[in-house]
Amino acid sequence: MSNITYIGYYFTVKPLEPGVEILIAELGYTGFESFVETESGVTAYIQKEEWNEQILDSVEILKSKEFEITFTFENIEQTNWNEEWEKNFNPIVVDNRCAVRAPFHEKFDTEYDIVIEPKMSFGTGHHETTHMMIQHILNYDFKDKSVLDMGCGTGVLAILAEMRGAIRLEAIDIDNWCYLNSLENVERNNCKNITVLEGEAQLLEGKNFDVIIANINRNILLQDIKTYADCLNENGSLFLSGFYKDDIPFIAKECELFHLKESNRYERNNWVALEFTYN
Ligand SMILES: C[S@@+](CC[C@H](N)C(=O)[O-])C[C@H]1O[C@@H](n2cnc3c(N)ncnc32)[C@H](O)[C@@H]1O
């Protein structure tokens with residue numbers, strides 16, 4: 001039996017911005033599940049089971065004359081997967097206050113030092129949206145709050161929210177890899193208040209939270225904002241990310257239906273992370 005489980009694509013992209021972000025968004029739709037931005041572009045990974053020879057046919061940016069994109073790809077042996085990932089994962093520090101690093105990186109002398117082993121889950125903090133959600137969490141008072149981290153990926157945002165004082169947290173992801181990885185990371189960071197669940201919005205029925213964090217994507221958010229609003233306590237905050245600045249009117253309109261109004265915003269390379277509160 002073959003032990004090859006992933007295929008890695010090494011893309012070089014010119015110009016880098018907004019090329020890389022468009023490419024990642026499009027590859028995400030075709031089944032690629034992990035991305036590491038590099039100096040010249042991005043490395044993207046897909047499970048061999050999900051792959052077929054036409055996988056890139058629907059990726060429009062590859063046909064665009066505005067971008068020059070080249071790539072090579074190779075099978076990644078299970079045995080060298082860790083090495084591959086370690087080579088690509090650099091620690092990050094957000095606002096000089098929160099480090100997100102792997103166990104094999106040296107400890108940071110920051111207020112928060114989060115250790116995660118993301119493997120195939122999204123959430124190393126490299127991505128703009130994770131970075132901005134970390135900024136929101138750093139600037140919000142979580143003391144004694146109940147928190148939902150929807151689309152938790154590696155669990156990094158729930159982990160930081162607990163470190164900031166939250167006392168009851170649920171971290172939910174639809175993806176089995178992310179569920180298992182969040183469980184591992186919660187333990188690795190000695191978090192005691194986080195329950196990790198595998199699933200989606202249906203799991204939220206009858207629950208309530210002071211803070212809801214959802215870094216997913218425009219379509220899932222538009223579909224699930226109603227459910228989030230049903231679960232959000234009166235003085236609560238809803239933090240949303242995973243979409244572009246141009247998508248704000250759509251997201252804001254949906255939130256307005258439930259009396260939620262934008263109260264705070266971060267922007268990075270066209271991506272945004274918004275806070276909504278009841279008006
Ligand atoms: C952009 S990643 C965010 C990961 C992490 N929270 C972070 O900020 O780095 C989005 C995550 O949402 C998950 N997801 C996608 N659709 C979902 C849904 N309907 N319900 C829950 N999670 C979902 C994906 O599996 C993925 O892990």
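Modeller: The C-alpha centres of domain 1 and domain 2 lie 25 Å apart. This is a predicted model, in which local features need pLDDT of at least 70 and side-chain atom pairs count only at pLDDT 80 or more, while totals for chains, interfaces and linings use all residues. Residues are numbered from 1 along each chain as its sequence is written.

Colleague: What are the bounds of domain 1 and domain 2?

Modeller: Domain 1 covers 4-87 and domain 2 covers 89-278. Such bounds come from an automatic or database domain assignment.

Colleague: Why is V156 called buried?

Modeller: A residue is buried if 20 or more other C-beta atoms lie within 10 Å of its own, exposed if 12 or fewer, and partly exposed in between, with C-beta atoms placed from the backbone. V156 has 29 C-beta neighbours inside 10 Å, so it counts as buried.

Colleague: And what makes N270 partly exposed?

Modeller: N270 has 15 other C-beta atoms within 10 Å, and partly exposed is the class between the two cut-offs.

Colleague: Where is N270 found, and which residues does it touch?

Modeller: N270 sits in the loop between β13 (260-268) and β14 (271-278). Leaving out residues up to four places away in sequence, N270 touches P18, E21, Y244 and K245. Contact here means that the C-beta atoms of two residues, placed from the backbone, lie within 7 Å.

Colleague: Why is helix α4 described as largely enclosed?

Modeller: Seven of the eight residues of α4 (residues 156-163) are buried, so the rest of the structure largely encloses this helix. The buried ones are V156, L157, A158, I159, L160, A161 and E162. Helices (H or I, at least four residues) and strands (E, at least two) are DSSP runs, numbered from the N terminus. Just after α4, G165 takes a positive phi of about 120°.

Colleague: How do you know that the length of helix α6 agrees with its number of residues?

Modeller: The expected span is 1.5 Å times one less than the number of residues. For the 14 residues of α6 (residues 218-231) that should be 20 Å, and the end C-alpha atoms are 19 Å apart, which agrees.

Colleague: Where does α6 bend, and which residues in it are buried?

Modeller: α6 bends by about 50° at D224. The bend at a residue is the angle between axes fitted to the seven residues ending there and the seven starting there. L221, I225, Y228 and C231 of α6 are buried. Their cover includes β8 (146-150), β11 (209-215), β12 (232-244) and α7 (248-256).

Colleague: What makes β2 and β3 a pair?

Modeller: Two strands pair if DSSP finds at least two bridges between them. Strand β2 (residues 34-37) and strand β3 (residues 41-47) are joined by four bridges and run antiparallel, so they meet the definition. E37 has V42 in β3 as its bridge partner. The hairpin from β2 to β3 passes through three residues.

Colleague: Why are β5 and β7 placed at the edges of their sheet?

Modeller: Three strands form an open sheet in the order β5-β6-β7, with mixed pairing. β5 (92-94) and β7 (112-115) each have a single partner strand, so one side of each is left without a neighbour in the sheet. β6 (residues 98-101) and β7 pair in the parallel sense over four bridges, and C98 stands opposite Y112 in β7.
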